[in-house]
Amino acid sequence: MGNSQKKGLSKEILDDLKVNTKFTEAEIMQSHENFQKQCPSGRISQDQFVEIYIRCFPNSDAKSYGQHVFRSFDTNDDGTLDFKEYIVALHMTSSAKTTMKLEWAFSLFDVDKNGYITKNELCDLCQALFKLIPKDKLADLPNDENTAEKRAEKLWTIFGKKDNERLAEGEFIEGVSSSQVALRLIQYDNK
C-alpha cells in the first residue's frame with residue numbers, strides 16, 4: 001500500500017494503465033522508474049521523442065515520421081508526453097489488438113485531428129513513411145510504389161475515394177482490414 005505513491009506514480013494512473021494496457025503492475029512500475037531516469041521532469045519533449053525514432057532508424061530519415069507519431073500520442077496537445085501517454089504509446093505499438101492499432105494508425109494519418117483523413121494528409125504520412133526506407137531498399141519497391149506520391153495514390157485508390165473526398169475512421173479501418181496491400185502501404189517494416 002502506498003508503494004506507487006513513493007515512486008511518484010499515483011494509484012489512479014497505475015490502476016488505469018493496468019486496466020487499459022496489457023502491462024502488469026510490475027512492468028508499469030519498472031517502466032515508470034526508467035522513464036523518470038530518462039526524463040526527470042516527468043515529460044518527454046517532441047525533440048527527445050524524435051531523437052529516439054532517429055536512433056531506431058539509423059539508415060533513414062525518421063524525423064518527420066517521429067513528429068507524426070509524437071503528435072498522435074500527445075493526446076492533450078501540450079507538446080510533451082507524460083508517463084501515461086508514453087505507456088499507452090508503447091502498448092498501442094507493441095501489444096494492442098489489431099483494431100486498436102488501426103485506430104491509432106487512423107489518428108496518425110488524421111494530421112489535423114478533425115476525425116477524417118484527406119488525400120493531402122495521406123500524402124504527408126506517405127512522405128514520412130517513405131523517408132524511413134533506406135536508399136538501398138528503394139530499388140526493390142514495385143514500380144507503382146517507388147515514390148511517396150505513387151504509394152499515396154495506390155492507397156487512396158484502395159479506399160475508393162475521389163481526390164476531394166474524406167475518409168472516416170470506420171472506412172479506414174475497414175479498408176485496411178480487408179486489404180493486405182493497404183495494410184502494407186500504411187506501415188514500414190524495417191526487417
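Predicted model: local features only at pLDDT ≥ 70, side-chain atom pairs only at ≥ 80, totals over all residues.
Colleague: Which residue forms a salt bridge with Lys84, and how far apart are the closest N and O atoms?

Modeller: The partner of Lys84 is Asp16, and their closest N and O atoms are 2.7 Å apart.

Colleague: What is the relative accessible area of Lys84, and what is that of Asp16?

Modeller: Lys84 has a relative accessible area of 33% and is partly exposed. Asp16 is partly exposed as well, with a value of 25%.

Colleague: How many salt bridges does the structure hold?

Modeller: There are 14 salt bridges in the structure. One of them joins Asp163 to Lys119, with 2.7 Å between the closest N and O atoms. This pair links distant parts of the chain, 44 residues apart: Asp163 sits in the loop between helix H10 (148–158) and strand S4 (167–168), while Lys119 is in helix H8 (residues 119–132).

Colleague: Is Asp163 buried or exposed, and what about Lys119?

Modeller: Asp163 counts as exposed at 53% relative accessibility, whereas Lys119 counts as buried at 12%.

Colleague: And which residue forms a salt bridge with Glu145?

Modeller: That is Lys154, with the closest N and O atoms 2.6 Å apart. Glu145 counts as buried, at 1% relative accessibility, and Lys154 counts as partly exposed, at 22%.

Colleague: Which residues are linked in a network of salt bridges?

Modeller: Lys11, Asp15, Lys18 and Glu25 are linked in such a network.

Colleague: Let us turn to the helices. At roughly what angle do the axes of H5 and H7 cross?

Modeller: The axes of helix H5 (residues 63–73) and helix H7 (residues 98–109) cross at roughly 115° and come within 8 Å. The two helices are therefore roughly perpendicular to each other. The crossing of H5 past H7 is right-handed.

Colleague: Which residues make the contact?

Modeller: From H5 the contact involves Tyr65, His68, Val69, Arg71, Ser72 and Phe73, and from H7 it involves Trp104, Ser107 and Leu108. Of the residues in this contact of H5 with H7, five are nonpolar, three are polar and one is charged.

Colleague: Where is Asp77 found, and is Asp77 buried or exposed?

Modeller: Asp77 is in the loop between H5 and strand S2 (80–82). With a relative accessibility of 53%, Asp77 counts as exposed.

Colleague: And what is the phi of Lys113?

Modeller: Lys113 is not a glycine, yet its phi is positive, at about 55°. Lys113 is located in the loop between H7 and strand S3 (116–117).

Colleague: What is the relative accessible area of Lys113?

Modeller: The value is 38%, and Lys113 is partly exposed.

Terms used:
Residues numbered from 1 in each chain as written. Heavy atoms only, no water. Salt bridge = Lys/Arg side-chain N within 4 Å of Asp/Glu carboxyl O. Buried < 20%, exposed > 50% of the residue type's maximum accessible area, 1.4 Å probe, protein only. Helix = DSSP H or I, 4+ residues; strand = E, 2+ residues; numbered from the N terminus. Axes fitted to C-alpha atoms, helices over the stretch in contact; angles between N-to-C directions. Parallel < 35°, antiparallel > 145°, perpendicular 65-115°, else oblique. Left-handed = near helix turned anticlockwise from the far one by under 90°. Contact = heavy atoms within 4.5 Å. Nonpolar A, V, L, I, M, F, W, Y, C, P; charged D, E, K, R; others polar.
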